[in-house]
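Subject: Predicted complex for your review

Dear colleague,

Please find below the structure that I am handing over to you. My findings follow it.

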Amino acid sequence: MDEKVTITINGKPYRVDLDQTIMEAADSCGYHIPRLCYHPKLSIEGACRVCIVEVEGMKNYIASCAYPLFDGMKIHTNTKELRQARRDIVELLLDNHPEDCHVCERDGNCELQRLAYAMGIRHRHFAGERKHYHKDLSSTSVIRDPDKCILCGRCVRMCSEIQGVNALGQAGRGFHTVVMPAYDMPFAESVCTTCGQCINVCPTASFVEKNYTQELFAKLNDDSLVKVAQIAPSVRAAIGEGFGLPPGRNMEGQTVAALRKLGFNYVFDTQFSADLTIVEEASEFLERVQEKGKLPMITSCSSAWMKYMEQFYPDLIENISTCKSPMSMGSALIKTHFAEQIKVDPKNIVSVAIMCCTAKKYEAQRPELMVNGMQATDIVVVTRELVWMIKSAGIDFLNITPEEFDSPLGMSSGAGTIFGVTGGVMEAALRTAYELYTGETLVDIELNSIRGFDGIKVGTITMDGKEIRVAVANGLGNAHNLLEIVRKEPDRYHFVEIMGCPGGCIGGGGQPYAAANSIPLDTDCLKARAEALYSNDRKKTIRRSHDNPEIQRLYKEFLGRPLSKKSHELLHTHYKPHEPRGIASRKIRAI
Amino acid sequence: MAKPTDIIKKKRAEAVSRIISKGYLSSKRVYVGMATCEIAAGSKEVMEVFKNAVTKGGLTDVYLSQKGCAGRCNLEPTVEVIEVGKNPVRYGKINPEKAQQIIDKHLKKGEVIKEWVID
Amino acid sequence: MSKEYIITICDGTGCIQKGNAAIRKALEQQLKDHNLTNDVRINLSGCLGMCDKGPIVVINPGYTIYGNVTPADIPEIVEEHLVRGQPVARLAIQEDHLYNRFFRIFGDAKFFGKQMRIALRNCGIIDPENIDDYLSLRGYEALAKVLTDMTPKQVIEEVKLSGLRGRGGAGFPTGVKWQLTARAGSLNSPRAASDEKYVICNADEGDPGAFMDRSAIEGDPHTVLEGMIIGGYAIGAKQGIVYIRAEYPLAVRRLEKAIADAREHGFIGKNILGSDFSFDIDIRLGAGAFVCGEETALIRSIEGGRGMPRPRPPYPSVEGLFGKPTLINNVETWANIPVVILDSGKWFSTIGTERSKGTKVFALAGKVVNTGLIEVPMGTTLREIIYDIGGGIPDNKEFKAVQTGGPSGGCLPAKYLDTPVDYESLAKAGSIMGSGGMIVIDQDSCMVDIAKFFLEFTQNESCGKCTPCREGTKRMLDILIKITEGKGEMYDIENLKRLGSMIKKASLCGLGQSAPNPVLSTILNFREEYEEHVKDKKCRAGVCKKLLTYEITDKCVGCGACKKACPVAAITGTAKAKHVIDQNKCIKCGACFSKCKFDAIIKK
């Protein structure tokens, strides 16, 4: 429908599409109405009332994010009364918000702070009682601080609409309204998958990652320890944003150099272990295909997805690949093979993962992933934490000379790189599986049907006349939709990739906050981060995981062959059902 | 097939005869208010008194029924006595003792207890 | 006691015009002449809706209606009817409007005289748990009529013709709403008939002190069901839902029984009364949130979510329950429907004022002699309600204000007593119709305290979604508490106004948009009381505890009772001499005041 209407904004006529809201129309006409709870990827909440406008003939102000246009609509966005009303509304939010901006995690990166400044609030009118709650520190990954919550509802909508987890909801009434897990149970015990998307969309510091930087700094200063880092693919694609660069700059070499300057003895690449994951996973897939194992096989790299699956799809546990995630494979090797090589007691090795993902903090602590009675990954810090560690250590990140990864866990193929984008694991796995199955090399290796940011993508590849049907979902809500199909039609797909976050790891819950002129999880930003990885893939001469010489060497020297006993011991894991607590059965009672 | 209007006419006639068969044509009808507000004010106990009188106390020629709230909140519980050929009488603020007196005087002897009548 | 005869003269506009005053005069003269003044009570009623046959005179008991009465007829009526007990057949008319039964049964003329019962026509008359009672009073006849003689379109036209407006508060024209819901779906998909639609009865009555919906359902559940079934027929829905508070167990039980009985009789279910129309009704219990009276919050609650409103449009008539077009009306609105159908929309539209048709139910409460549930024609003045029906203020106290429209209505002072009760007039006076709460306030109440009370309620019941309502009402409440504790400044009053008008205009739903009303209307109408609290640190009603001082006057006989009662030993004095209160020690608990037998202690 592209019907046009004529409206006036602040007295000036405009010809615009009918099928949009006042806010969208105003945006297209060069007016940026102040806003807060609005997020283009979430449903319309209309809660903050910051985006109010006046429409002639209506007695009340109208929330421009929610109201549709009509022909002849006369809109005012900037009258004296409106400015005062908006100011008063933002002030009301401030009046119930801690006055600790300069010691706040989000100082300088807080939407409320920016808005208050833009509204011209320089003193207060209505100060009074403030809410006071306790921080919830129970989760391995996400800290919930209701004191800073302005009840915009973005986290609630994110958690239910995009992620389908429904861990959060509003409780209480009036002034005592608060966002919490069901029954106010500790976050750690709730259905929260620790994906951290609430952090991404929160305009304030009501949700932040659990910070392990002090612990890490302490270890880095301990000379008796060998400090080993690994970096996830998506970190290098986004870390530049934390230093003011536009999205999409690949800062791999700078990150390696900065980590060495921070005191790491070895800096490895999670992309190497991603290659390893692919070889194992592709082999597992072929085994299932050839030996009539459980299909579809579903990937298992995303930690939030692991918890989600154990809670909501325990019936699919047999379908889940037993492969550990690249991070955990890397850490397992660091604490065994690598420790042997450098002849250090693994107890004296600190294995640190720099991840784009808050859920990796949860994954690191899963008991199933212990290696020889030790936690394989000792500390996980997310991109944001690394950004400020670099800043606080006084390292000139932008002007640093790029450095190379250490060997042996530093070399990667293009297939390992694209792990960070939705569809990447599938693409990488098919590049290898095809060759292992057919004995021929896959020529057209860029599988465009499973690239891009659609929630669910499907594709087929023919291997020796056998049609392999694959499906890819990003975001747990899409995963839910896809898995409902899998439940109903188990034969429809052979191979399914699930990534817990929108866009895959590049949209992870640990990535830098949106820039001042941007919105969290902006599609253009995600595209730029994805492109940083795809272009890296294109640049590489080795683009298939099994062609990675370091991988081949590892099998020769240590593991033997894919799915060997050793592999199973170190690189594979298992899952068990988790009773989801505090949420009703998904079945809505039909009337 | 019968039209809905015909069906309802029949149903209405049946309803009326059912009511009559329950003794509606007795010379006196007693209605006790039984909405939440009336029950809170004590009308359940009042109803018990009337029920007992009808079932065990030998009170005859009386049709007893409950009714909803007529709106006289400050005078609840209310009891209404309708005698054939006379003005209806409504009593306010009735308790079980008063109910017994209504039975003894008004229902049995036809004496209206003027002090309790809602005017 | 009830008199021998009660004569009701219709005092509607039509009958006034046709000379009912002369009739009253003639009647009074005749009664005097026949020495009947003490045995006959004359009262006036609101419009009885028989204007074409006016002037109307009704004589009870017997319920004889005389139409086209002239003063010359009066001697004959008195002679024949009152003296000899023979109704004058020549003048009697047969009327079978549903509502009229009420007068036939009740003799309580003072209270009921000005009332007119349409929605509550069976309440307090029938046994609500016996469907036969309802059937005997033309129950489900409107449904049968609709199914036999009327197309859905005609039903909607009839409702539109009646001028009925939503009784839940906003006063949206009911027929228009029906029409919008009936058309919705046909816009989106040409095959409208296959589209699912819903009918909802909003019985989530949450106003403090309001019990209109509860009484209506407890007194006559079937009329609500009948209205809903007709609504379902008109818009093409198959499923109705009554959303009712879980705190109304008796109403729920009676509703359940009514639904079961109606189903047994074939009024609910498949092929109702042999027609091809099928409709079912289900009950959903609310958990007692005031905001769930707001339609979008109510719908969300039925869907299983947290009851929070969402921005409109889309309105429920387009996108309601489970995203389907939904017709949602309140209990009282539904209860009017059978009358509109049977007595015709045209007749219904003769009652009330030009833009507000029919009657309105109020829960009359507060400082008034006859508290109760009343139903009056639109256009009845506040004075008639409070003084004629309500019997005035008890203990000869002075009327101060009346608060209409529940916790978010405005407080109107004495100068508005002659305001007719209708949507527009109340709004013009600075209050709202609301769902029908009416609280009378006398001189003993402090208006600042009243405003604080209502705001406390709305703040506690705010769903917490939108900023103005959640945070704004809290700040207003903070300021009011400050003022009632004597810590207010003059700018606080201005801040209240500033916040209040912002909250009204910027809030998401009706709760927030009306929450500041009690504060704004009391500032408008009783500003001097606010200023006294702020400037003189005085509360004239003696309600705001922190502003009180207790003093002992010369009436004191020195009995010492106050001294003993004082918990903080603030009172000193020797026996038989006047005692004194140390104001620095006094905690204003009032113990001395209630102990003094000689009225020697005063509150200031």
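Residues are numbered from 1 along each chain as its sequence is written, and chains are lettered from A and ligands numbered from 1 in the order in which they are written.

Confidence

The predictor assigns the complex an ipTM of 0.93 and a pTM of 0.88. Chain C has an average pLDDT of 89, and 92% of its residues score at least 70. Two stretches call for caution. Residues 586–591 of chain A stay under 50 in pLDDT, and the model has three contacts beyond four places in sequence for them. Residues 190–194 of chain C also stay under 50, with four such contacts. Where pLDDT is low, the predicted coordinates should not be read in detail.

Contacts between chains

Two residues are taken to be in contact if their C-beta atoms, placed from the backbone, lie within 7 Å. Two pairs of chains touch, and the pair with the most contacts is B and C. Chains A and B do not touch, their nearest C-alpha atoms being 28 Å apart.

Between chains C and B, 41 residues of chain C are in contact with 36 residues of chain B. On the chain C side, at least two residues each come from helices H5 (109–112), H6 (131–136), H7 (141–149) and H10 (212–219) and from strand E10 (372–377). Helices (H or I, at least four residues) and strands (E, at least two) are DSSP runs, numbered from the N terminus. H7(C) supplies the largest share of this side, five residues. By class, the side has 18 nonpolar, 13 polar and ten charged residues; Ala, Val, Leu, Ile, Met, Phe, Trp, Tyr, Cys and Pro count as nonpolar, Asp, Glu, Lys and Arg as charged, and the others, Gly among them, as polar.

The contact of chain C with chain A takes 30 residues from chain C and 32 residues from chain A. Helices H18 (447–461), H19 (467–484) and H20 (490–506) of chain C give two or more residues to it, and H19(C) gives the most, with eight. The chain C side has nine nonpolar, ten polar and eleven charged residues.

Domains of chain A

Chain A is divided into domain 1 (4–78), domain 2 (125–209) and domain 3 (213–571), with bounds from an automatic or database domain assignment. The centres of domains 2 and 3 of chain A, taken over C-alpha atoms, are separated by 28 Å. Here 18 residues of domain 2 are in contact with 24 residues of domain 3.

A helix pair in chain C

Helices H8 (152–162) and H9 (174–183) of chain C pack at an angle of about 155 degrees, with their axes 7 Å apart. Axes are lines fitted to C-alpha atoms, for helices over the stretch in contact, and angles run from 0 to 180 degrees between N-to-C directions. H8(C) and H9(C) are therefore roughly antiparallel, the term for angles over 145 degrees.

Kind regards

Methods. Predicted model: local features only at pLDDT ≥ 70, side-chain atom pairs only at ≥ 80, totals over all residues. Parallel < 35°, antiparallel > 145°, perpendicular 65-115°, else oblique. pLDDT = per-residue confidence, 0-100.
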